[in-house]
Amino acid sequence: MLRYLNGYQNNKNAPDENYARELQELFTLGKGPLVFYTEADVRAAARVLTGYTVNATTISSSFDPNRHDTANKQFSAYYQNKVILGKTGVNGAKETEELIDMLFLQDETALYLSRKLYRFFVYYEIDAATEANVIVPMANLFRASKYEIKPVLELLLSSTHFYDPVNVAGMIKSPLDYCVGLCKEFKMQFPDSTDFANQYLMYDYIRTQASNMQQNLADPPSVSGWPAYYQAPQFHELWINSDTLPRRNQMMNILLTSGYTRNGKKIFIDVLTYVNALSNPGNPNLLISDTVAHLCAIDLTPEVIQFLKGILLSGQSTDSYWTDAWTSYKANPTNTVTRNMVVSRLNSMFSYLLNLPEYQLS
Amino acid sequence: MKRRDFLQAIGPAGIVFPSLINGFTFKAFAESPLVSALIQAPTETDHVLVIIQLNGGNDGLNTVIPFDQYDQLANARSNIIIPKNKLLKLNGTSLTGLHPSMTGLQTLFNEEKLQIIQSVGYPQPNFSHFRATDIWMSASDSNQYVNSGWTGRYLAEEYAGYPTGYPNTVMPDPLAIQIGSFVSPAMQGPSVNMGMAISDPVNFYNLINGIQGASPNTRGGKELTYIRQVAQQTTQYGAAIKNAAAKVTKQFSGYPTGNSLADQLKIVARLIAGGLKTRIYMVSLGGFDTHAQQVIANATDTGAHARLLQRVSEGIKAFMDDLTFLNAHKRVIGMTFSEFGRRIKSNSSGGTDHGAAAPLFVFGHYAQNDVLGTSPEIPLVTSASANVPMQYDFRSVYSSLLKQWFCVPDTTLESVMLKNFQNLRVVKSSAPCMSSSPEILPGLDTKILLTNYPNPFQSSTTLSYESNGGHTLLQVFNTEGKLIKTLIDKEVSAGSHKITFENEGYAPGIYYARLQNSTQQQTRTMLLGR
């Protein structure tokens with residue numbers, strides 16, 4: 001933050017307000033209707049934060065008392081007219097702690113952070129009932145537990161609200177959720193750590209894919225992060241548009257069919273390994289229900305389930321035709337013809353399933 | 001100079017080079033703007049091929065019934081045989097009748113818009129639905145695994161480089177569209193799938209009307225609707241399909257209801273008449289796997305199989321009427337196929353088990369109007385495993401359609417079909433864009449070209465055959481359709497020839513000798529005695 005928000009350029013002669021502003025607006029209080037800190041408060045906070053520098057060579061930071069503003073800092077009525085007394089020498093850095101304490105004393109900070117957690121784990125819309133019944137209790141616990149995150153998350157993630165069917169599956173997967181999720185769901189095999197060069201190349205492929213879908217790891221577009229996490233009214237719907245949705249499906253299709261090859265190493269979705277781990281892959285109904293239960297957060301309609309089965313059965317109506325094909329593959333797993341007979345059908349089925357809008361939800 | 005001639009002319013310079021994949025020769029094209037520009041100009045044609053897949057293995061012997069073999073057939077399948085007097089007669093032939101529920105196809109035949117090709121199959125038939133379907137889709141040999149489809153390979157030849165640079169002004173529309181509950185590998189090209197799926201009629205109407213399927217009244221449901229909207233907008237050819245559908249505001253009113261095949265064909269007619277340049281459509285109807293109760297015991301012309309055939313017949317008839325209504329009838333040829341036929345002998349549960357060769361239909365204004373081939377020969381005594389021997393390789397039908405309907409030159413045909421197949425007359429010679437190939441000989445020659453003596457035989461029998469010259473194939477199959485011996489597979493001179501078939505320890509019973517030479521073939525039944 002010292003670099004990204006110009007904190008290292010903030011000194012007593014020319015205070016830089018950038019970090020002081022975002023500290024309040026983005027990281028603690030937010031800009032909600034009940035937040036009334038003033039521009040004077042931004043300037044006062046900036047003066048508190050003067051004196052920090054960075055060393056680009058050692059990638060470290062330090063406090064330089066000579067750059068620090070030692071005068072008193074007066075805050076507005078919103079902050080209970082708080083005055084942070086100016087300190088000299090190394091004690092100047094202690095003003096920062098006082099500033100942080102002041103920010104976390106405000107009720108709105110706990111509410112704002114609780115809403116952020118809620119939007120990350122449940123849904124972006126927060127109506128009055130949710131505010132009263134979920135957000136306020138979270139904020140209360142947040143303050144009571146001295147801003148420890150774990151108890152607050154425990155409260156949210158074990159609440160009946162969290163498991164209410166109405167609230168389930170309201171999240172659209174972020175690009176990283178999608179890309180990494182796909183790798184994990186299918187236990188995709190990457191080169192191991194002894195072959196770290198190739199392992200990194202493969203990880204970089206996944207990172208690039210997510211980046212093409214508008215989420216480059218560790219590189220948010222602005223200080224506010226990715227708009228999908230904060231931009232009303234659409235929030236995470238912003239992840240899905242006419243450019244990014246086809247990219248998701250293209251990546252999935254590549255991994256499902258040819259796989260991605262680099263340096264002679266290949267990563268791919270191995271449908272046989274996936275299906276082999278299910279309870280009874282020879283039974284097309286169980287194969288599909290197990291798969292759907294694992295991969296889809298929202299129920300599929302009976303028509304879609306039937307469609308998936310139609311793909312698996314090549315349009316036949318007798319379940320045993322799949323069972324027979326599966327059994328002959330299992331009896332002789334190295335036989336190309338029997339193996340391809342099940343793989344081609346599984347690939348078609350998974351391609352259809354993972355192309356479904358339902359798969360984008362979590 | 002045509003682009004293909006150009007490519008061939010510059011071939012030796014390394015622009016076109018064969019590469020060996022799975023033992024087959026494919027063409028691979030070097031990256032060059034000039035060459036790809038030439039390649040990207042596809043053949044000028046507004047022709048369309050509609051492929052109807054009958055899933056499950058249609059019982060050909062209760063679909064197209066040989067009057068001249070009726071008594072033997074009645075003997076082999078007494079519990080499901082259809083009364084002779086109920087069979088539908090066809091103009092110009094006394095040998096072939098249709099199932100009574102196929103009045104629509106009878107009319108089409110008599111209006112000269114239907115061809116029946118007898119006993120279509122392939123050597124060494126496979127009786128697994130999956131494998132047999134894969135063989136028909138890929139057009140591979142029975143013992144070869146080819147992971148691309150025949151229409152996919154054709155489209156990859158026509159529209160090189162797809163999907164890069166598509167849609168474009170020359171081809172703004174999907175290359176191929178499949179409708180129905182089966183994702184067809186027939187449209188799989190050498191590297192990418194060339195087809196676009198409209199998974200079912202409901203999705204089609206949702207797409208053209210811009211509505212989404214029902215979603216639950218939850219937060220997840222709300223987001224689902226949002227993603228579906230985006231998905232619909234981003235369907236690559238969504239706009240092209242919507243525009244084409246919008247141009248057709250009125251269709252033929254006589255489509256049957258409760259007929260999913262007719263529902264699918266109605267969409268196809270709309271898209272064709274709406275001006276899509278899409279060349280190939282695939283639709284499907286399931287339920288043909290009639291192992292039991294395919295007929296109602298006391299009324300064998302009714303029941304499950306009769307209902308299926310009625311759907312096929314009424315669906316195709318309404319489709320053809322609609323195309324005429326929409327003035328698109330001259331652009332369309334259709335064909336039916338099923339992954340296999342069924343056994344000659346019925347089983348005791350009133351059904352039939354997985355079999356081999358079966359008839360298929362070619363329909364359209366320009367479809368050749370005849371019964372190609374002879375009635376399948378039904379032995380007096382039939383074993384449970386007896387099958388209809390093949391007269392025509394299904395790949396000859398594909399190959400002939402590509403050649404005669406899409407004007408595919410022979411050199412390309414070979415790379416699409418993976419080898420050379422017989423050119424059968426499936427499109428009327430009056431059709432435009434049909435190559436006037438000298439290989440196509442006048443209709444079926446009734447002259448006997450293949451005999452054997454002695455018959456029955458024990459140690460050996462001598463086959464006498466007539467060839468028009470050129471490549472000649474003489475094979476021997478057993479009753480299960482298994483290829484026992486290939487006696488001739490080479491160029492021979494025109495005229496009469498003889499060759500001996502030795503009994504190399506084969507089981508006694510019926511064997512079929514099959515002669516194939518240019519467009520002709522004949523099958524000869526031989527009996528190996530004890």
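This is a short walk through a predicted model with chains A and B, beginning with chain B as a whole and ending at its contact with chain A.

Let me start with the overall make-up of chain B, whose secondary structure comes to 13 helices and 21 strands. Of its 530 residues, 51% count as buried, and among the contacts in chain B with a separation of 6 or more, 71% are between residues 24 or more positions apart.

The domain assignment divides chain B into domain 1, covering 1–39, domain 2, covering 40–417, and domain 3, covering 450–528.

Turning now to strand β8 of chain B, residues 176–179, I would ask you to look at which way the side chains point. B:Ala176 and B:Gln178 point one way, while B:Ile177 and B:Ile179 point the other way, and all of them are buried. This strand has a parallel partner in β9 of chain B, residues 195–198, to which four bridges join it, and within that pairing B:Ala176 has B:Gly195 as its bridge partner. β8(B) also pairs in the parallel sense with β10(B), residues 280–285, here over three bridges, and in this pairing B:Gln178 stands opposite B:Met282.

Next comes helix α13 of chain B, residues 410–417, in which the buried residues are B:Thr412, B:Leu413, B:Val416 and B:Met417. How do these residues sit around the axis of α13(B)? Viewed down that axis, the buried residues fall within an arc of 120°, so they line one face of the helix. As a general point, an α-helix has 3.6 residues a turn, so residues three or four places apart point the same way. Just after α13(B) comes B:Leu418, which takes a positive phi of about 75°.

Further along chain B there is an open sheet of four strands, in the order β18-β17-β20-β21, with antiparallel pairing. Why do two of these strands have one side without a neighbour in the sheet? β18(B), residues 483–492, and β21(B), residues 520–528, stand at the edges and each has a single partner strand, so one side of each is left without a neighbour there. From one strand to the next, the twist of this sheet averages 15°. Strand β20 of chain B, residues 509–517, runs antiparallel to β21(B) and is joined to it by nine bridges, and B:Asn517 stands opposite B:Gln520 in β21(B).

Finally, the two chains together: 30 residues of chain B are in contact with 37 residues of chain A. On the chain B side, α5(B), residues 129–138, and α8(B), residues 219–234, each supply at least two residues, and the largest share, 11 residues, comes from α8(B).

For chain A itself, the domain assignment gives domain 1 as 7–104, domain 2 as 108–167, domain 3 as 175–265 and domain 4 as 272–360. The centres of domain 2 and domain 4 of chain A, taken over C-alpha atoms, are separated by 39 Å.

Technical notes:
Residues are numbered from 1 along each chain as its sequence is written. Chains are lettered from A and ligands numbered from 1 in the order in which they are written. This is a predicted model: local features need pLDDT of at least 70, side-chain atom pairs count only at pLDDT 80 or more; totals for chains, interfaces and linings use all residues. Two strands pair if DSSP finds at least two bridges between them. Axes are lines fitted to C-alpha atoms, for helices over the stretch in contact, and angles run from 0 to 180 degrees between N-to-C directions. Two residues are in contact if their C-beta atoms, placed from the backbone, lie within 7 Å. Domain bounds come from an automatic or database domain assignment. A residue is buried if 20 or more other C-beta atoms lie within 10 Å of its own, exposed if 12 or fewer, and partly exposed in between; C-beta atoms are placed from the backbone. The arc is that of the directions from the helix axis to the C-beta atoms.
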